[in-house]
Amino acid sequence: MATTAMVVSPLATQSSPKNKRRLFAEARQNSLQKLSVIFDHGNKNVKVAPKLKTLMLFAFFSTQKAVSVNFENGTIDGSTRTRIPLTRALYCKPLSVFSLDVYVPQGASAALGLGSTLKCVYVYRRRHTIRALFVDSNGGETTWCFSQVKGTLEDDVTEADLISCVEFNHDGELLATGDKGGRVVIFQRDPASKQCVPKKGEYNVYSTFQSHEPEFDYLKSLEIEEKINKIRWLKRKNQAHFLLSTNDKTIKLWKVSERDKRVTGYNTREEGGRLRHPSRVTQLRVPTVRPAELMVEASPRRIFANAHTYHINSISLNSDQETYLSADDLRINLWHLEITDQSFNIVDIKPANMEELTEVITAAEFHPTECNLFVYSSSKGTIRLCDMRAAALCDRHAKLFEEPEDPHARSFFSEIISSISDVKLSNSGRYMMSRDYLGLKVWDLRMETKPVETYPVHEYLRSKLCSLYENDCIFDKFECCWSGDDQRLMTGSYNGFFRIFERGGAGGAGVAGAGGAGAATRRGELTLEASRDAAARPRQPLRARRVAATAKRKKDEISVDCLDFNKKILQHPSIHPSTTIDEISVDCLDFNKKILHTAWHPHESVIAVAATNNLFIFQDKF
């Protein structure tokens, strides 16, 4: 039975509630399935109201006692299948930290309409009564709706305005984008959107600055583009924010700070800032600090340059928040944030004779918790896990993750489509996700032989590889990302489509044909579109999309022209009732509308999708 980690709700950080009805109403609106459990001093009885998804449990416990509860067809017995460990923190005020796991047996899942795991989102104590509100973590599907779009929805788009990277900071309050023009735009979460009921994932422009300028390498007669390849946030330690941004050659550390005060009354300076002649100083004044209009300043604190011969494709911060790595096609360097003129080469795969070159590095990332571990992927479809404790130069990997190739399925395009474009470690550090051209793979760091889960992204393009090779689309580098709880995956596709997979759904577990040509939308996988049509329907559930491999249609289906949204809506029982499916032929896909960069809010169901020069923000329909 799957387990769940304790989830701390924003409600849990508030003080002892005075208006409990409002808080519980807000918590209920933040979930699709609700289950309220009331602990009280007294006997052990249970009352179930299936229509309201409400269950009441009365049980006595102390600070050191563990209460065993079993949800079995709406009743409770003394078995240990469900264990609720209670700690002293349960009696603290406010009750914001405690250990709580609830497992629902399969027999009770259908009877109560719940998933296998319940997460506690709110708890408080009043006298001898402790109330906890649980949310069904996997009993219902997320209903996505449009929240915002940043950028103009015009057809005439300049190359410099194309978004090249998207990144949330560690608490999700800031969202940064970089474009091909070298600009970085930072968006801040609207405070009002967090307080309203239901919550809204709305962001406003916080700061914009030019991170990189075009340069020219006169020694190699090579132009260096200003395009921002990656952005990585540092964890916040004070009032200022810090982030790393990089183009092909140079990495910069930026400080983003606020200024809302100004100093007046200088003795040797005029109000306009000009120096005052000493002869005009007739008396001494004490400078005063006065409030001023809020200004957000971005200033470069460090510049890390001249360390990469080839184009930088990845930067990753270490968990110690003191070092970071940068990777190009053939080398990976280790930097210290305080040292700009020296870096350590930790991986070098450049052969003595370049004619013997067989693979290049495509992505690299540090482990989220172990500061000595990092992974990097290659164009041959392999991923290497390295331990910096073993040697200064990690030329020997600790683990090699590679899926055996089927010799019968090998073709001219096999090596191209097996190249890994992105690799991301899960937030827990146990799993690793890799993205190749046609699909996603999830690896367990303890098992090297094969991935534990496989999710085909656009398997219907396998028959189009020849034409994709001719127009160079086969070389597109799609990124991927984890949800905050590591239970969902997201990546992009063509025609403005992006895919969301729920782990454990029918799309995973090594199902090679799932989501393929003409396949129906399965539970646990979703294809959505970032387009003007979504922006024209704010707060409405997004229509699920489906791609048919050919133009052949069933009697009750219709192929959709790319520019014609007057199409038949097909209801499918495997997805949420409020979600509809629109089918489009693979021949109508627009390969110029590609979703390469996506980001997931670290704590909430809010996602950011970069579509050409637009940034779409979607959220769970709370």
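**Cores, strands and charged pairs in a predicted model**

Reader: Which residues touch the most other members of the largest nonpolar core?

Author: Trp 144, Phe 498, Ile 500, Ala 530, Ile 607 and Phe 618 do, out of 20 residues in that core. The elements that contribute two or more residues are strand S9 (144–150), strand S34 (497–502), S35, helix H6 (532–535), strand S39 (606–611) and strand S40 (614–620). S39 gives the largest share, 3 residues. The model is predicted: local features need pLDDT of at least 70 and side-chain atom pairs pLDDT 80 or more, while totals for chains, interfaces and linings use all residues. Residues are numbered from 1 along each chain as its sequence is written, and side-chain values use heavy atoms, with hydrogens and water left out.

Reader: What makes a set of residues a nonpolar core, and what makes a stretch a helix or a strand?

Author: A nonpolar core is a set of buried Ala, Val, Leu, Ile, Met, Phe, Trp, Tyr and Cys residues joined through side-chain atoms within 4.5 Å. Helices (H or I, at least four residues) and strands (E, at least two) are DSSP runs, numbered from the N terminus.

Reader: Which residues does Ile 607 touch?

Author: With residues up to four places away in sequence left out, Ile 607 touches Trp 144, Met 490, Phe 498, Ile 500, Ala 599, Trp 600, Phe 616, Ile 617 and Phe 618. Contact here means heavy atoms within 4.5 Å. There is also a second, separate core of 19 residues, with Ile 417, Tyr 460, Leu 461 and Leu 465 among them.

Reader: Why is Ser 379 counted as buried?

Author: Buried means under 20% relative accessible area, exposed over 50%, and partly exposed in between (1.4 Å probe, protein chains only). Ser 379 has 15% relative accessibility, so Ser 379 counts as buried. Ser 379 lies in the loop between strand S25 (373–378) and strand S26 (383–387). Apart from neighbours within four places in sequence, Ser 379 contacts Thr 358, Glu 359, Val 360, Thr 362, Glu 415, Ser 418 and Ser 419.

Reader: Which residues take a positive phi in the hairpins of S10 and S11 and of S11 and S12?

Author: Gly 172 does, with a phi near 80°, in the hairpin of S10 and S11, where 5 residues lie between the strands. Gly 182 has a positive phi of about 80° in the turn of the S11 and S12 hairpin, where 3 residues lie between the strands.

Reader: What is the order of the strands in the open sheet?

Author: The order is S10-S11-S12-S13, 4 strands with antiparallel pairing. S10 and strand S13 (203–210) are the edge strands, each pairing on one side only.

Reader: What makes Lys 464 and Asp 587 a salt bridge?

Author: A salt bridge is a side-chain nitrogen of Lys or Arg within 4 Å of a carboxyl oxygen of Asp or Glu. The closest N and O atoms of Lys 464 and Asp 587 are 2.8 Å apart, and the two form a salt bridge. The pair links distant parts of the chain, 123 residues apart: Lys 464 is in the loop between strand S31 (453–456) and helix H5 (465–470), and Asp 587 in the loop between strand S37 (581–585) and strand S38 (597–600). Lys 464 is partly exposed, at a relative accessible area of 24%.

Reader: How many salt bridges does this rule give?

Author: The count is 25. One of them joins Asp 422 and Lys 424 at 3.3 Å, N to O, and both residues are buried. Asp 161, Asp 179 and Arg 183 are linked in a network of salt bridges.

Reader: How many disulfides does the structure hold?

Author: The structure holds 0. Cys 386 is in no disulfide, and the nearest cysteine sulfur, that of Cys 394, is 5.1 Å away. Cys 386 is buried, with a relative accessible area of 0%, and Cys 473 is buried at 6%.

Terms used: Two strands pair if DSSP finds at least two bridges between them. A disulfide is a pair of cysteine sulfur atoms within 2.5 Å.
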